[in-house]
Amino acid sequence: MPDTLPPAQSAALARVARGSLCAGCGACAALAPGKVSMTTVAPGYLRPEQSAPLSDSEEAGIAAVCPGLGQSVAAQGRPDPVLWGPYREMVTGWARDPALRFAGASGGALSMMLAHLLTSGTVEAVVQVAADPDLPIGNATVVSSDLAAITRAAGSRYAPSAPLADLPARMAEHAATGRRFAFVGKPCDAAALRALCRRDPAVAAAFPVILSFFCAGVPSHAGGAQILAALGTDLDHTAAFRFRGNGWPGRATATDRTGHERSMSYHDSWGRILSKHVQHRCKICADGTGVAADIVCADAWESDAAGYPVFAEAEGVSLIVARTELGARLLAEARAAGQITTGPFDIATLAAIQPGQRERRRALFARLLALRLTARPVPRYRGLQIAAAARQNPLARNVKNFLGTLRRALRPSAR
Ligand SMILES: Cc1cc2nc3c(=O)[nH]c(=O)nc-3n(C[C@H](O)[C@H](O)[C@H](O)COP(=O)(O)OP(=O)(O)OC[C@H]3O[C@@H](n4cnc5c(N)ncnc54)[C@H](O)[C@@H]3O)c2cc1C
Ligand code: SF4
Ligand code: SF4
């Protein structure tokens, strides 16, 4: 007999594990501090580890907010296009600060909004994700309170992040000093935080603004390591690593301890490597566009004659989606304060420049159906118009997605 028995497993976390539904947001660790913590598991994803039995209220909290288990959204009178979700305003734009525009993944609009939130006194600090000083291809959650820190964190990092795991520390700070935070996270992180805000007014008071970005999925650390190998180097010889940014889209760049840089294009790093390492939850994600956030940014790619996005290096332009009244007001303020330049955007062009988002939304109904048939747990989605998105697909493509998911789910290794 072992000396100690493992703790009774949380039913919610057990369901998540059975379906490989974890997105790695860290909300469960925030709801059960000291009992659930985030840990890295092979091939390099962040997952919860439970070390003690949960109370009924902890269990209920996780069941209510975990984005692996489900997500809901209500349009509440806003325009609600099938593929893109509720919004108030959709424009293109970029940071007026040239350094921030350069450092940002696209036009640095998201980071410039953060800078505006600080200078306008809307919040005192920002909870966001930056490079992990101990793992150049990994991420760490940071609290930024000036432009220099926001600029350091600018750019997309295609690696796991759990920005909600430290929430109890931020809540303690808010309770002691009244400090308020803007939050930047993946759409699933934003959904979990919005659900936490609905359950607890103190969380809503501490996090008055939620920002996110379009998200095609989180690759494991194995993806980052494969980029290093393709560049002819490895972690031991890497002092710093950027996935992109410093230009638009910017190159995946590894810097060694002597300052020597090796890099590859975004087309090669994302298209040929990282996209092959994306976790299962992301393949059945109904919300890659951040429906729970106040403001969401994305790449406002140009498209070629055939309608496909062009990844040639250019001055960065972000797509900016103000989803809530608050988001629209903050965007108008940043524009009036001269921090962001914006221009019109025709939503009819969005499906062409975001083919990954478009295809995943349309394929989702078929994929979920196949998983349900094999008794695999799937997230419960409400208000995300999954059937309507599937109707935009030809029947043959829905059947292909259904059969592909079914085949993968029936493989012995998928059990
Ligand atoms: C995993 C991932 C998938 C993406 N998929 C798409 C996509 O399908 N389509 C698309 O148009 N855009 C996608 N993006 C977003 C895109 O790359 C840009 O972030 C977006 O265009 C906004 O650009 P910006 O210059 O305005 O943002 P920036 O000013 O560069 O700000 C980016 C912000 O994102 C935060 N951040 C970066 N990486 C992470 C992370 N892993 N977890 C949490 N926060 C992070 C940073 O802290 C910073 O606050 C993705 C980004 C990521 C990280
Ligand atoms: S998705 Fe978030 S809340 Fe759900 S199990 Fe994973 S880390 Fe925890
Ligand atoms: S694809 Fe969806 S589930 Fe995956 S990290 Fe992005 S928002 Fe979260």
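Let's start with S20. S20 sits in the loop between α1 and α2. Its phi is near 50°, a positive value in a residue other than glycine. S20 is partly exposed, with a relative accessible area of 37%. Keep in mind that this is a predicted model.

Q385 has a positive phi too, near 55°, and is not a glycine. Look for Q385 in the loop between β17 (380-382) and α16 (386-390). With a relative accessible area of 27%, Q385 is partly exposed.

While we are on the backbone, cis peptide bonds. One joins A42 and P43, with omega about 5°. P43 lies in the loop between β1 (36-41) and β2 (45-50). Another cis bond joins W248 and P249, and there omega is about 0°. P249 belongs to the loop between β9 (240-242) and β10 (252-255).

Now the ligands. Which residues come nearest to ligand 2? They are C22, C25, G26, C28 and C66, out of 14 residues around this ligand. Two elements give two or more residues to the shell: α1 (11-18) and α2 (27-31). By class, the shell around ligand 2 has 11 nonpolar residues, 3 polar ones and no charged ones.

Ligand 3 next. Its surroundings include C188, C215, C282 and C285, and also K186, R281, D287 and R360. Here α8 and α12 are the elements that give two or more residues. The shell of ligand 3 divides into 7 nonpolar, 1 polar and 4 charged residues.

P187 is also in the shell around ligand 3, and P187 is in contact with T289. So let's look at T289. Is T289 buried or exposed? T289 counts as buried, because its relative accessibility is 4% and the cut-off for buried is under 20%. It lies in the loop between α12 (280-283) and β12 (295-299). Beyond its sequence neighbours within four places, T289 also touches W84, F214, V296, R323 and Q357.

The largest nonpolar core holds 57 residues. L193, F207 and L319 touch the most other members. Helix α8 (residues 187-199) gives this core its largest share, 6 residues. There is also a second, separate core of 29 residues, with A103, M112, V126 and L211 among them.

Back to L193 for a moment. Leaving out residues up to four places away, L193 touches L164, L167, F183, V203, F207 and I210.

The whole structure has 11 aromatic pairs. F183 and F207 make one of them, edge-to-face, 6.4 Å centre to centre with 80° between the planes. This pair links distant parts of the chain, 24 residues apart. F183 is in strand β7 (residues 181-184), and F207 is in the loop between α9 (201-206) and β8 (209-213). Both F183 and F207 are buried.

Why is the pair of Y266 and F311 edge-to-face? Because the planes stand at 90°, and over 60 counts as edge-to-face. The ring centres are 5.2 Å apart. Y266 is in helix α11 (residues 266-273), and F311 is in the loop between β14 (309-310) and β15 (318-322), 45 residues apart. Y266 is buried at 9% relative accessible area. F311 is partly exposed at 31%.

One aromatic cluster is formed by Y158, F241, F243, W248, Y266, W270, W301 and F311. W248 is the residue from the cis bond with P249. Finally, R244 lies over the face of Y266, at 4.8 Å from the ring centre.

How values were computed:
Residues are numbered from 1 along each chain as its sequence is written. Chains are lettered from A and ligands numbered from 1 in the order in which they are written. This is a predicted model: local features need pLDDT of at least 70, side-chain atom pairs count only at pLDDT 80 or more; totals for chains, interfaces and linings use all residues. Side-chain values use heavy atoms; hydrogens and water are left out. A nonpolar core is a set of buried Ala, Val, Leu, Ile, Met, Phe, Trp, Tyr and Cys residues joined through side-chain atoms within 4.5 Å. Buried means under 20% relative accessible area, exposed over 50%, partly exposed in between (1.4 Å probe, protein chains only). Helices (H or I, at least four residues) and strands (E, at least two) are DSSP runs, numbered from the N terminus. Contact means heavy atoms within 4.5 Å. A residue is near a molecule or strand if one of its heavy atoms lies within 4 Å of it. Ala, Val, Leu, Ile, Met, Phe, Trp, Tyr, Cys and Pro count as nonpolar, Asp, Glu, Lys and Arg as charged, and the others, Gly among them, as polar. Rings of Phe, Tyr and Trp (its six-membered ring) pair if their centres lie within 6.5 Å; planes under 30 degrees apart count as stacked, over 60 as edge-to-face and the rest as tilted. A charge sits over a ring if NZ of Lys or CZ of Arg is within 6 Å of the ring centre and within 35 degrees of the ring normal.
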